[in-house]
Amino acid sequence: MIPFLDIKAQYQSIKGEIDAAVLGVLASGQYVLGDEVAHFEQEFAEYCNVKHAIAVNTGTSALHLALLAAGVGPGDEVITVPFTFVATVSAICYTGARPVFVDVEPVTLTMDPAEVEAKITPRTKAIVPVHLYGQMADMDAIKAIAERHGIPVIEDACQAHGAQYKGHRAGSMGLSGCFSFYPGKNLGACGEGGMVVTNDDDQAKTMRMLRDWGQEQRYHHLLKGFNYRMDAIQGAILRVKLRHLEAWTEARRTHARRYSSLLAGSTVLTTPVEAADRRHVYHVYAVRSRDRDGLQRLLSAEGIPSGLHYPIPVHLQKAHADLGYQAGDFPVSEAAAREVLSLPIYPEMPVRHVDQVVAALEYAYVS
Ligand SMILES: *Cc1c(COP(=O)(O)O)cnc(C)c1O
């Protein structure tokens, strides 16, 4: 049996370090924020090559705070993509702003910069590209448009820890960048977690207050805040895991290269493309096929799990029907939703499992 991902394998590989970190927190009596979280913030900021990192309880909270600090509120519009996890759009709705969608590029499945300018109105207060599957969106092109209109860019980097664009780390190119440490993400807590990074001192100060009831000093509430604080145990675990992230990322990239070279030349599916000057961190390894459902059945018959990221674009989700979009509005996203299939990938994945997945696909399809 081949797992889609095996989080326990990662724990087993660094069990001594994790257990010591958790026991240290239990003994410290400092269970929320505190020294472990502060150190993790510093280390993650260094990793992203930014000035500030603000630890929070989820990636969704990170997006919410980044939008609020950028001044997004009721009556505003925020441009993003419909081909993403629903949280990107939910965070925009939390602020009272209206999500305005633009389609994705057919090759990278990230925000198509050519679509952005036509959607900008006087109410547009932010642009939120999503670094889907672990590959950064075309940030230079998106930033050029944003700067022309004086609109901030907030990166949804929840799938893209350590990804790069022309040498710049994910999260470091926008006004702020948002990360998730949900267990299955490339850097995952043993529970929930998130982070916002920024080079802007004022944004950082505002987000630090907002995550902790809007206070700078205890019981002096300057802003209407939230309880979005990170647990100390998660901070301690994430500090340990951050030290291994580069090696894990390289392992993902090695698996992805093997999949792509073995599947090259298939007549039935195409493999993901790493765009020039980008470092893809393969949170998801998604192939594309007109016969996606057939491929999924074939794998499943061989006991191989696969995933769909994502089968329904957000503009066609019932929860967001009030936005008034219809089928046909975003043809590239809609085709991707029908055609993408995510294959098992995680750093500890045995190479023979990669070969078994390929063999199962080859059996019927690869010519
Ligand atoms: C996981 C994810 C989120 C939300 O992160 P949580 O930690 O689950 O709240 C947001 N956007 C994208 C693209 C994600 O993959």
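**A helix and its neighbours**

Modeller: Start at helix α5. Its buried residues pack against α4 (59-69), β2 (77-80), β3 (98-101) and β5. Packing here rests on contact, which means heavy atoms within 4.5 Å. Helices (H or I, at least four residues) and strands (E, at least two) are DSSP runs, numbered from the N terminus. Buried means under 20% relative accessible area, exposed means over 50%, and partly exposed lies in between, with a 1.4 Å probe and protein chains only.

A word on the source. This is a predicted model, where local features need pLDDT of at least 70 and side-chain atom pairs count only at pLDDT 80 or more, while totals for chains, interfaces and linings use all residues. Residues are numbered from 1 along each chain as its sequence is written, and side-chain values use heavy atoms, with hydrogens and water left out.

Back to α5. The helix runs over residues 87-94 and is mostly covered, with six of its eight residues buried. They are A87, T88, V89, S90, A91 and I92. Just after the helix comes G96, with a positive phi of about 90 degrees.

Strand β5 covers residues 154-156 and is joined to β8 by three bridges, in the parallel sense. Two strands count as paired if DSSP finds at least two bridges between them. Strands of a sheet pair through backbone hydrogen bonds, either parallel or antiparallel.

Five of its five residues are buried, so the strand is described as mostly covered. S176, C178 and S180 point one way, G177 and F179 point the other way, and all are buried. β8 also pairs with β9, over five bridges, this time antiparallel. There, S180 stands opposite G194.

Between β8 (176-180) and β9 (194-198) runs a loop that holds G191. G191 counts as partly exposed, because its relative accessibility is 22%. Beyond residues up to four places away in sequence, G191 touches F181, Y182, P183 and Q234. D231 is 40 residues away from G191 along the chain, yet their C-alpha atoms are separated by 9.4 Å.

β6 takes residues 164-165 and joins β7 through two bridges, running antiparallel. In one of them, Q164 has R169 as its partner.

Another helix, α11, spans residues 331-339, and its buried residues are S333, E334, A335, A336, A337 and E339. They pack against β13 (285-288), α10 (292-301) and β14 (340-343).

Some backbone angles deserve a look. In the loop between α10 and α11 sits Y310. The peptide bond from H309 to Y310 is cis, with omega near 10 degrees. L33 has a positive phi, near 50 degrees, though the residue is not glycine. L33 lies in the loop between α2 (15-28) and α3 (34-48). L33 counts as buried because its relative accessible area is 17%. Y282, also a residue other than glycine, has a positive phi near 45 degrees. Its loop joins β12 and β13. Y282 is buried too, at 6% relative accessibility.

Finally, step back to the whole chain. It has 12 helices and 14 strands. The radius of gyration is 20 Å, close to the 21 Å from the globule rule for 367 residues, so the chain is as compact as a globular protein of that length. That radius is taken over C-alpha atoms, and the rule is 2.2 Å times the number of residues to the power 0.38. The C-alpha trace spans about 65 × 55 × 35 Å along its principal axes. Of the 367 residues, 56% are buried. Among contacts with a separation of 6 or more, 70% join residues 24 or more positions apart.
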